[in-house]
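Good morning, and thank you for the time on today's agenda. Please have the sequence and the structure before you.

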Amino acid sequence: MGFRVRWSYLLLGMWVIAFGLGLYLVPTFSLLYLVPLAFFNAFVVFLFTWGISGVARRGAGRKAFGVLLILVLVGLAYQNSAAIQSLSLQSVQAAYQQEASYLLSSGSVLQSLSNSVNIVAKNVGSGLNNVAAGYPAFNVANPEFVGGSANVTFPQNYTLFANYALSLINKDRAAFGEPPLTLSTVGSAQQHADSMIYFGYFEHVDNQGYTPEQRFKMLGGPYGLVGENQGQTYCIDSVSVNSSELYPVSCNIQTIENGIANSEWSMMYNDAICCNNGHRMNILSSSYTEVAIGVAYNSSNNELLFVEDFWGPCPAGYICP
């Protein structure tokens, strides 16, 4: 009995080998993201090879079905070409650097697993409470607009956080040849961060129906072009990979700065699927000259919100809202 090669099985086997080598070469925490993507890729490869095998088989119906499958996959690839083209060498390098930091830090974490039970118990039993007690709670006054004005509550160490955020933004801009921004004194970003923490939502249009442009203007901002970025994370998820803490800790200066850095990185280098790179375009836009910063956190659940309100003169020929 002769042996007949099934190309679909052969190609799928080649993909399995390639993916297995990828996992061996990059054994990091990104597996949590790679594995679901791997199943999707396997499904796409299966459909494509099924289409090829259909074209190769006898019968007009099978050939037509095979061509249809291939055309559907080509159409999907074309529709997502913008997201694919948005990937850049800088984003790949940044992702690689973050993966490298995970690899470097994972060794020390694995080395300490033998006594992790005692360390975790200590952190849970007293460490979290001590950190919470040692750093002031953020008590937001009602930030709703009344008569065109609103309360703006700045957290302790706001100047530190705002300048840290500005340094990250300008570092990203410099990497792409854009001039630095200055820190705006308009309180719109902080008011919106306060509002989302106070009322428990996460939207650009606030609970009163005001847009970023309206909030910026009502709080004294000049006429011009306004764009807003916002990120949501949790202090307990933002411990630095180089931290000596084995167990995440509550909101303090370090975890808030880490959360700001995480949000800025996501808006710059992980924004294509979520937001069609809208956050990234705001950060790198040459139309903006200033940025207002908002930082707010919830002391009870460690939620951390980070807001960037960009401003620049209205471009010629453009009607700004």
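I begin with a definition: a patch is made of residues with over 30% relative accessible area and no salt bridge, where like charges are joined within 9 Å and nonpolar side chains (Val, Leu, Ile, Met, Phe, Trp, Tyr) within 5 Å. A salt bridge, in turn, is a side-chain nitrogen of Lys or Arg within 4 Å of a carboxyl oxygen of Asp or Glu. Accessible areas come from the Shrake-Rupley method with a 1.4 Å probe, and for residues only the protein chains shown count as cover.

With those terms in hand, F46, W50, F65, L68 and V72 make a nonpolar surface patch of about 470 Å². Helix 2 (31-56) and helix 3 (60-79) are the elements that give two or more residues to this patch. Helix 3 gives the most, with 3 residues. Helices (H or I, at least four residues) and strands (E, at least two) are DSSP runs, numbered from the N terminus. W50 lies in helix 2 and is partly exposed, with a relative accessible area of 40%. On this scale, buried means under 20% relative accessible area, exposed means over 50%, and partly exposed is in between (1.4 Å probe, protein chains only).

A word on the source: this is a predicted model, in which local features need pLDDT of at least 70 and side-chain atom pairs count only at pLDDT 80 or more, while totals for chains, interfaces and linings use all residues. Residues are numbered from 1 along each chain as its sequence is written, and side-chain values use heavy atoms, with hydrogens and water left out.

Now the chain as a whole. The protein chain has 12 helices and 4 strands. Of its 321 residues, 36% are buried. The chain exposes about 18,500 Å², and carbon and sulfur atoms supply 63% of that area. Contact means heavy atoms within 4.5 Å. Among contacts between residues at least 6 apart in sequence, 69% join residues at least 24 apart.

Let us move to the salt bridges. How many are there by this rule? The count comes to 2. Side chains of opposite charge can pair when their charged atoms come close. D206 forms a salt bridge with R215, the closest N and O atoms being 3.8 Å apart. R215 also forms a salt bridge with E228, and here the closest N and O atoms are 3.1 Å apart. Because R215 lies in helix 9 (residues 212-218) and E228 in strand 2 (residues 225-234), this pair ties together parts that are 13 residues apart in sequence.

The expected span is 1.5 Å times one less than the number of residues. Because 10 of its 12 residues are buried, helix 8 is largely enclosed by the rest of the structure. The buried residues include H192 and D194. They pack against helix 7 (158-175), helix 9, strand 2, strand 3 (290-297) and strand 4. G200, which follows helix 8, has a positive phi, near 75 degrees.

Helix 10 (residues 253-269) has 17 residues and reaches 24 Å from its first C-alpha to its last, close to the 24 Å expected. Among its buried residues are G259, I260, S263, E264 and M267.

F306 is found in strand 4 (residues 303-312) and counts as buried at 2% relative accessibility. Which residues does F306 contact, leaving aside its neighbours within four places in sequence? They include I260, S263, E264 and M267, together with N229, Q230 and G231. The C-alpha atoms of F306 and Q232 are separated by 6.5 Å, although these residues are 74 apart along the chain. T233, found in strand 2, counts as buried at 14% relative accessibility. Not counting residues up to four places away in sequence, T233 touches G259, S263, N302, E303 and L304.
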